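Hello,

Here is the structure for your files. My notes on it follow below.

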Protein chains: 2
Amino acid sequence: MIANIILNNNYKIIFLILDGLGDIQNPPFSYQTPLEAAKKPEIDKLAVNSGILGRIIPVDIGITPGSGPGHLSLFGYDPVIYEIGRGVLEVLGLNMDLQDGDLAARANFCTLNNNIVTDRRAGRIATSETERLCNRITQEINEIEGIKVILKPGKSHRFAIIFRGEGLSDELTDADPHRENRPFVYAQPKTENAVFTSKIINNFIKKVTTLLKDEAIANGILLRGFSRKPDIPSFPSQYSLKALAIATYPMYRGIAKVLGMDVKEEPRDYHDMLRVLKENYQEYQFFFLHIKETDLAGEDGNFPDKVKTIELVDSIVPDIFNLNPHVIVITGDHSTPCPLKGHSWHPVPLLMITKTGERDGLTFHERNCSQGSIGTIYSKQLISLVLAHAFKLDKYGA
Amino acid sequence: MIANIILNNNYKIIFLILDGLGDIQNPPFSYQTPLEAAKKPEIDKLAVNSGILGRIIPVDIGITPGSGPGHLSLFGYDPVIYEIGRGVLEVLGLNMDLQDGDLAARANFCTLNNNIVTDRRAGRIATSETERLCNRITQEINEIEGIKVILKPGKSHRFAIIFRGEGLSDELTDADPHRENRPFVYAQPKTENAVFTSKIINNFIKKVTTLLKDEAIANGILLRGFSRKPDIPSFPSQYSLKALAIATYPMYRGIAKVLGMDVKEEPRDYHDMLRVLKENYQEYQFFFLHIKETDLAGEDGNFPDKVKTIELVDSIVPDIFNLNPHVIVITGDHSTPCPLKGHSWHPVPLLMITKTGERDGLTFHERNCSQGSIGTIYSKQLISLVLAHAFKLDKYGA
């Protein structure tokens with residue numbers, strides 16, 4: 001609906017995304033959430049003086065989102081319609097250069113015994129072993145029938161693959177039995193369109209298996225999550241916003257690139273993120289700053305680390321505010337409650353700092369957010385509200 | 001959407017449904033609702049310590065639901081898409097055995113004068129009279145052209161009919177002028193498919209009218225709400241939950257059966273419901289406990305009785321909690337405010353007792369519920385949230 005009422009101006013919008021921000025009570029450690037327990041005088045001062053609060057639901061009530069749906073919805077995309085494949089996310093997470101037409105896959109080293117997958121993770125071999133094996137494969141096999149094969153080792157037994165060339169399809173089943181002590185399975189084409197691709201991939205797997213037959217443990221590979229760069233409308237052109245992503249973790253720079261945002265640098269830390277923001281402030285209207293450590297602490301069940309990360313972020317907020325952007329949004333892509341040690345379905349606390357808000361006069365944490373004037377909305381609805389506060393939406397109808 | 005992310009586990013979910021629970025202020029009797037006025041220390045202790053609150057809207061804002069839509073939505077069905085016909089509900093409410101292919105109808109005895117319906121309720125004849133008349137019909141007319149006819153008397157002038165046999169359709173208009181002092185009307189087929197059925201039904205009505213011509217008051221019958229067992233996806237298979245319904249009233253056991261839940265016994269009272277729950281606790285994952293008396297009190301405008309029912313329910317809650325289910329939901333299928341003496345559109349107070357909630361720290365009543373962390377959601381959205389809290393939903397997307 002908003003496509004026809006987008007207005008151009010140079011007002012700035014900053015999304016400060018604390019990955020996995022939302023949390024729940026943490027007994028017996030604390031009945032407070034990390035956001036409630038953290039000392040964050042700068043954020044709370046802004047929240048009370050010029051903040052409006054609410055909560056966002058990334059996908060739907062009760063649904064726990066992955067990182068893809070979590071971010072897509074933040075930027076206004078319906079995460080049920082648009083999808084970033086698992087292979088693509090893996091490749092982006094390893095900072096590989098994903099191009100149009102590339103086919104991406106997640107991969108494991110595994111243990112094969114007479115074609116039976118006896119260990120899907122090859123005894124969780126060391127990262128250095130995976131590096132050695134990826135090198136060994138790359139030296140012997142770097143293309144199959146004109147299709148280039150690019151490998152990059154990840155952590156432990158994991159790696160990612162890009163197949164690059166003409167005519168590749170992602171309509172394939174996984175080359176992975178998904179359980180142990182089952183026969184290895186090759187990728188099957190789901191459509192006529194994918195027959196060529198399945199031959200390339202299965203041929204690659206056969207060559208690798210032959211090459212690795214002398215390896216003691218990691219003598220096979222499993223490939224899954226075949227996917228291509230999704231066909232998604234560009235964020236900057238949809239909203240008429242020049243957009244810059246500033247993130248220390250490659251996956252989030254990757255997602256931003258997929259959505260057509262610019263990515264200039266790989267900042268070292270929060271202060272370096274601030275430097276990139278300041279240096280590019282005049283040139284862009286939209287800035288996506290991504291903080292990963294809140295999610296990592298949540299995944300580890302580490303309440304004190306999550307608190308500490310929030311307090312660290314608090315220390316850079318005045319510098320952001322002093323740039324005088326029209327709207328600052330502080331929220332998360334999903335919740336990662338420490339007691340659950342993983343992503344969850346809980347609505348995500350949302351703070352919008354704006355000159356044109358109802359001014360709730362509340363500090364920023366989950367309980368206050370559930371009383372905030374924004375209410376509880378779907379993440380994909382957030383962008384319209386933000387554009388409105390930045391005067392980037394014209395009147396609808398006469 | 002959740003069909004692809006359902007997980008299996010043996011965690012237990014208990015729905016304690018207080019029919020017509022929601023209420024409004026009751027001046028001059030009390031400015032409190034029955035839920036607010038009731039002394040319910042057990043429920044409130046759980047609500048404060050491990051409860052999250054919210055409100056559910058059964059069908060839509062401002063819409064007053066019948067029992068069918070009220071319960072369908074509680075179990076995750078869109079009540080606008082799925083429907084349980086009036087005839088079916090009547091038959092289930094009288095504890096009749098409704099089979100696939102059966103055609104059900106609600107029926108009244110009425111008074112006819114020269115084919116004019118002068119009293120649609122035959123002077124509200126006594127239940128014993130209806131029993132006598134139903135017996136009289138059953139002895140003379142128990143089948144029409146190979147279609148079996150089964151009658152069961154209800155209260156006052158009301159009874160229910162099942163037509164059983166091949167080729168029956170429910171695409172028929174009512175055999176009821178719906179107003180008094182109008183000519184009797186026969187059932188009309190709405191489609192070609194229902195021509196045979198309309199002949200059977202109208203033939204039955206003619207035979208009954210001939211049979212009853214010597215009756216002083218109840219010398220005719222009106223049939224309406226023709227319906228068949230609806231084609232509804234099974235609750236247990238949709239959510240991968242073995243489900244048991246425990247209800248003292250037949251209609252609610254009937255609705256549960258239509259949804260594919262098991263119904264083992266007809267419990268006598270709340271303590272007997274508890275016994276059935278305990279005896280079957282290991283075998284099932286989902287339990288639907290239905291309490292009718294809150295609705296009856298609401299329909300009667302009997303504030304003290306509604307309070308008393310809630311207090312009685314409170315006394316069985318510790319035994320339920322001590323079974324250690326993962327999630328207990330206490331709510332209603334709709335509101336039945338005492339001042340209105342009937343179902344209403346008001347959102348229904350919702351309490352979820354869970355280990356993974358935000359912990360609202362509030363006692364359970366309408367005003368607190370409107371401040372709860374669940375927010376105000378549609379009843380049909382509740383099941384996803386419950387499944388999430390019972391760890392029965394996988395992550396969505398990578």
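Of the 398 residues of chain A, 52% count as buried, meaning that 20 or more other C-beta atoms lie within 10 Å of the residue's own, with C-beta atoms placed from the backbone. This is a predicted model: local features need pLDDT of at least 70 and side-chain atom pairs count only at pLDDT 80 or more, while totals for chains, interfaces and linings use all residues. Residues are numbered from 1 along each chain as its sequence is written, and chains are lettered from A and ligands numbered from 1 in the order in which they are written.

Chain A has 13 helices and 15 strands (DSSP runs numbered from the N terminus: H or I of at least four residues for helices, E of at least two for strands). The radius of gyration of chain A is 23 Å, close to the 21 Å from the globule rule for 398 residues, so chain A is as compact as a globular protein of that length. That radius is taken over C-alpha atoms, and the rule is 2.2 Å times the number of residues to the power 0.38. Along the principal axes, the C-alpha atoms of chain A fill a box of roughly 65 × 55 × 35 Å.

The domain assignment of chain A gives domain 1 (2-83 + 232-389) and domain 2 (88-228); the bounds come from an automatic or database assignment. Taken over C-alpha atoms, the centres of the two domains of chain A are 35 Å apart. In chain A, 6 residues of domain 1 are in contact with 6 residues of domain 2, where contact means C-beta atoms, placed from the backbone, within 7 Å. On the domain 1 side that touches domain 2, α3 (67-74) and α8 (250-258) of chain A each supply at least two residues. The largest share of that side, 4 residues, comes from α8(A).

An open sheet of 8 strands in chain A runs in the order β11-β10-β12-β1-β13-β14-β2-β15, with mixed pairing; two strands pair if DSSP finds at least two bridges between them. Its edge strands are β11 (262-263) and β15 (375-378) of chain A, each pairing on one side only. Within chain A, β13 (residues 327-331) and β14 (residues 348-354) pair in the antiparallel sense over 4 bridges. Here V327(A) stands opposite T354(A) in β14(A). Helix α11 (residues 303-321) of chain A packs on the sheet and touches β1 (13-18), β12 (286-291) and β13 of chain A. The direction of α11(A) makes about 175° with that of β1(A) (axes are lines fitted to C-alpha atoms, for helices over the stretch in contact, and angles run from 0 to 180 degrees between N-to-C directions).

Regards

Technical notes: A residue is buried if 20 or more other C-beta atoms lie within 10 Å of its own, exposed if 12 or fewer, and partly exposed in between; C-beta atoms are placed from the backbone. Two residues are in contact if their C-beta atoms, placed from the backbone, lie within 7 Å.
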